[in-house]
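Here are my notes on the model, as numbered points. Please read them with the coordinates open.

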Amino acid sequence: FPENDLRSLCFFLATTSITATLIINASPFMRFDGYFLLCDFLGLPNLHSRCFAYTRWWFRKTFLNLNIEPPEILSLGRQRFFIVFALMTMLYRLIIFTGIAILVYHYFFKALGLILFGIEIWFFIMRPIWNELIFWKKYLKENTSAQQIPPIYTWFFWIILILCVPYDFTVNSEGVLKAEKSFSVITFKSSQVIQMPPSLGTRVEEGKPLMTLTSLELEQKINLSKNRLVTLSRQLDTSGFDRETLSRRSVLQEQLKSVQEELNGLEKERDRLKPIAPFTGEIVDVSPDLFLNEWLPKNTPVVSMIAPSSWVVDTYISEADLKRIDINHMGWFEPEAAGVSNYKLTVISIDRDASQVLTEGMLGSAGGGDILVRMQNNKAIPENAIYHVRLKVDRLSEKISTGYLRGHVVILAWPKSMRGETIKKTLANLMREASF
């Protein structure tokens with residue numbers, strides 16, 4: 001059968017359309033064909049109404065000690081079926097009606113969408129709950145005595161306790177364990193290896209050369225600038241004896257100054273081809289394919305060194321957790337690598353401005369991390385507001401050969417309750433969605 005619109009339409013009707021129709025129409029939780037088939041199969045007419053009435057009576061009896069006869073006499077198995085079926089129906093309708101409300105909100109413009117969303121939520125979800133709560137309030141007011149406290153008060157106590165008592169004392173995130181001081185040699189232009197770097201694990205003192213590179217293009221520019229400098233110097237020296245050059249003395253001085261600055265810049269670039277150790281440390285990475293007299297392209301990592309005496313953990317937290325931590329808060333680091341012990345941490349710095357670029361690529365989603373990022377011009381841009389936090393490792397008991405280790409960071413923070421977090425997120429979402 002050829003690939004065309006008719007084939008796509010037939011495929012949709014034979015699969016997606018029929019499947020969706022069966023799922024909706026065959027569901028016994030709404031008053032469609034599936035519901036009436038179930039009623040006929042069980043021999044129970046008006047199943048929804050009877051289940052809801054019995055479940056309402058069960059709730060009132062359980063939580064209010066309401067001593068009235070049930071709507072109908074049922075066997076133990078039938079009682080359980082009525083209650084479970086009613087609860088499943090309520091949950092199903094809650095999901096369906098909430099989905100419809102969200103769809104209505106997004107389908108219309110925001111002002112009308114908010115009104116229709118509120119009407120949908122109130123009429124189908126909140127109004128039945130509100131009516132039941134009114135009955136509960138009236139019953140408790142008329143029948144509660146000091147000798148007999150209904151179970152609902154105990155339930156309310158535990159619910160309020162769970163929602164209001166601060167129980168979360170930690171901030172959890174993903175971080176990178178690394179040396180506080182690190183230095184990498186990366187070629188800034190095409191260059192040739194003249195002197196090889198030290199081997200892995202070599203200790204290098206501060207100020208000692210790490211390797212030597214040379215660039216033919218750079219040497220040619222330096223020689224050309226020197227020749228121009230010599231020529232201009234001679235012209236400037238003889239300007240006092242020639243009337244024509246005497247009038248151009250100021251121009252020659254400016255040209256000489258410009259060429260001298262250019263030469264100084266080129267010589268600084270040449271010094272970069274002879275990198276020296278900025279601190280006393282240890283070589284942790286050397287390009288494995290490096291050999292003498294090899295030509296290296298631009299932006300090639302060559303050698304890296306670290307100071308193994310001081311280690312830190314860099315992590316990123318959300319805006320909601322930013323106010324929950326302070327300097328000197330304690331924490332610990334749980335490495336992903338098997339067999340590596342945990343490390344105690346202390347917060348030493350907290351950025352109060354959101355990070356525009358994720359510098360630790362392994363923490364981003366593109367590098368297998370938890371932070372959602374998008375790549376733009378070879379940079380990892382966070383999709384959400386995140387804040388950089390640095391923690392100092394109290395003591396490193398073993399050597400990290402790679403110099404970098406990803407793991408889970410736990411920071412002891414000011415406690416928060418479920419109620420406060422829920423209210424904060426709800427208000428933030430309402431304010432964001434209502435800003436039309």
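**Notes on cores, packing and cysteines**

1. The largest nonpolar core has 28 residues, and Leu210, Met211, Ile283, Val302 and Val303 have the most contacts inside it. A nonpolar core here is a set of buried Ala, Val, Leu, Ile, Met, Phe, Trp, Tyr and Cys residues joined through side-chain atoms within 4.5 Å. Buried means under 20% relative accessible area, exposed over 50%, partly exposed in between (1.4 Å probe, protein chains only). Two or more residues of this core come from each of α7 (216-237), α9 (249-272), β6 (281-286) and β8 (301-306). A second, separate core has 23 residues, including Leu177, Ile325, Ile350 and Val389.

2. On provenance: this is a predicted model, where local features need pLDDT of at least 70 and side-chain atom pairs count only at pLDDT 80 or more, while totals for chains, interfaces and linings use all residues. Residues are numbered from 1 along each chain as its sequence is written, and side-chain values use heavy atoms, with hydrogens and water left out.

3. Overall make-up: the protein has 11 helices and 15 strands. These are DSSP runs (helices H or I, at least four residues; strands E, at least two), numbered from the N terminus. Buried residues make up 33% of the 436 residues. Of the contacts with a separation of 6 or more, 74% join residues 24 or more positions apart. Contact means heavy atoms within 4.5 Å.

4. Which residues does leucine 210 contact, leaving aside its neighbours within four places in sequence? Among them are Phe183, Val185, Met196, Val204, Ala277, Ile283 and Met305.

5. Alanine 277 sits in the loop between α9 and β6. Its relative accessible area is 2%, so alanine 277 is buried. Alanine 277 and leucine 210 are 67 residues apart in sequence, yet 6.3 Å apart in space, C-alpha to C-alpha. Not counting residues up to four places away, alanine 277 touches Val204, Glu205, Glu206, Gly207, Lys208, Leu210 and Met305.

6. Helix α3 (residues 47-64) packs against helix α6 (residues 151-164) at an angle of about 80°, with axes 6 Å apart. The two helices are therefore roughly perpendicular. Axes are lines fitted to C-alpha atoms, for helices over the stretch in contact; angles run from 0 to 180 degrees between N-to-C directions. Under 35 degrees counts as roughly parallel, over 145 as roughly antiparallel, 65 to 115 as roughly perpendicular and the rest as oblique. Thr62, Phe63 and Leu64 of α3 meet Pro151, Ile152 and Trp155 of α6.

7. The axes of α3 and helix α4 (residues 76-107) come within 8 Å and cross at roughly 100°. That makes α3 roughly perpendicular to α4. In α3, the contact residues include Cys51, Trp58 and Phe59; in α4, they include Phe81, Met90 and Arg93.

8. How many disulfides does a search of the whole structure find? The search finds 0, with a disulfide taken as a pair of cysteine sulfur atoms within 2.5 Å. Cysteine 39 is in no disulfide, and the nearest cysteine sulfur, that of cysteine 51, is 8.5 Å away. Cysteine 39 counts as buried at 7% relative accessibility. Cysteine 51 is buried as well, with a relative accessible area of 0%.

9. Aspartate 321 lies in helix α10 (residues 319-322). Aspartate 321 is buried, with a relative accessible area of 13%. Beyond its neighbours within four places in sequence, aspartate 321 is in contact with Val171 and Lys416.
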